[in-house]
Amino acid sequence: MTEEQKQQEKTQTEWAAENSGGASNSADDASEAVASDEWGHQGKVQDAPREVRVEESGTTETAEPTAAAPDTQEASPEEYMAMEALVQANQAFSIQLEELKSQYARLAADFDNFRKRTQKEKLELEAQAKCATIRELLSVVDNFERAKEQIKPQNDGEMNLHKSYLSVYKQMVESLKRIGVSAMYPKGEEFDPNFHEAVMREPTREYAEGIVTDEFRRGYMLGDRVLRHALVKVAAAPEDEEEAIASETPDSPQE
């Protein structure tokens, strides 16, 4: 083959390659036009990115960000001693706080007891002062009662005088009642040394032994406190009964 023939074949090959490239370009343009019509808008349609698959053998693990490693530098001796001092100071303050709380609780209890005690003493002093004052007035009441029993008015003048002091007596009794004073009426009741003071024993069959038969001086109370004991006469067993009881009692054995 001559040099001229070789040159012709080369030219034909290049021409064939250029024609094939132009055809492929025309096909791409046509595909772009069709794609543009299908999406309904003008402009060049870009090809979707191709999906690239990478096949790897084994399991794929996702690496996670690791946290920064803590600073493991040890404290210096000075810092360690300072921390120990702070811990000891905290413990000392805690103990002191507990002691102060206990002291405060004791002081509060002592003050409450002191307040109650002083209040009780105050009430007791008030009651004692009131009782002492009322006792001095009881003798006046006794005189009014004696006059009421003994005086018998004979005419109008005496009756007017009798009514006048009776009105004063009633007014005084009402005043005593308003402050809590009450009179005792022991006749017919059993003798009680907490309220009565026996000045006489009388043998009688009318009352049982130990029963108050008469009252010589009236007793009074202020609330539940005795202002003055009542002077009374107490019934005793008749003499014949006493002798009978004594005779029935066996004699003590003689040695």
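This is a predicted model: local features need pLDDT of at least 70, side-chain atom pairs count only at pLDDT 80 or more; totals for chains, interfaces and linings use all residues.
1. Three strands make up an open sheet, ordered β1-β4-β5, with antiparallel pairing. β1 (181-183) and β5 sit at the edges, each pairing on one side only. From one strand to the next, the twist averages 35 degrees.

2. Between β1 and strand β4 (residues 220-222), which run antiparallel, there are three bridges. If you want a landmark here, look for Ser182, which stands opposite Met221 in β4.

3. Helix α2 (residues 77-150) lies across β1, β4 and β5, and runs at about 40 degrees to β5.

4. Arg228 deserves a look of its own. This residue belongs to strand β5 (residues 225-228). Is Arg228 buried or exposed? Arg228 counts as buried because its relative accessibility is 12%, and the cut-off for buried is under 20%.

5. What does the side chain of Arg228 meet? One partner is the side chain of Asp142, in a polar contact of 2.7 Å. Leaving aside residues up to four places away in sequence, Arg228 touches several others, among them Leu138, Met184 and Tyr220.

6. Arg218 also has a salt bridge, with Glu145, where the closest N and O atoms are 3.5 Å apart. Glu145 lies in helix α2 and Arg218 in the loop between β3 (212-217) and β4, so this pair ties together parts that are 73 residues apart in sequence. Glu145 is buried, at 15% relative accessible area, while Arg218 is partly exposed at 23%.

7. How many salt bridges does the structure hold? There are seven. Another of them joins the side chains of Lys233 and Glu202, at 2.9 Å from N to O. Lys233 is in strand β6 (residues 230-236) and Glu202 in strand β2 (residues 196-203), so the pair links distant parts of the chain, 31 residues apart. Lys233 counts as buried at 14% relative accessibility, and Glu202 as partly exposed at 32%.

8. Finally, a salt bridge within the helix. Asp112 pairs with Lys116, the closest N and O atoms being 3.4 Å apart. The two are separated by about one helical turn, because they are four residues apart in helix α2. Both count as partly exposed, Asp112 at 25% relative accessibility and Lys116 at 49%.

Conventions:
Residues are numbered from 1 along each chain as its sequence is written. Side-chain values use heavy atoms; hydrogens and water are left out. Buried means under 20% relative accessible area, exposed over 50%, partly exposed in between (1.4 Å probe, protein chains only). A polar contact is a pair of N or O atoms within 3.5 Å; within protein, one must be able to donate a hydrogen and the other to accept it, and residues adjacent in sequence count only if both atoms are side-chain atoms. Contact means heavy atoms within 4.5 Å. Two strands pair if DSSP finds at least two bridges between them. Axes are lines fitted to C-alpha atoms, for helices over the stretch in contact, and angles run from 0 to 180 degrees between N-to-C directions. A salt bridge is a side-chain nitrogen of Lys or Arg within 4 Å of a carboxyl oxygen of Asp or Glu.
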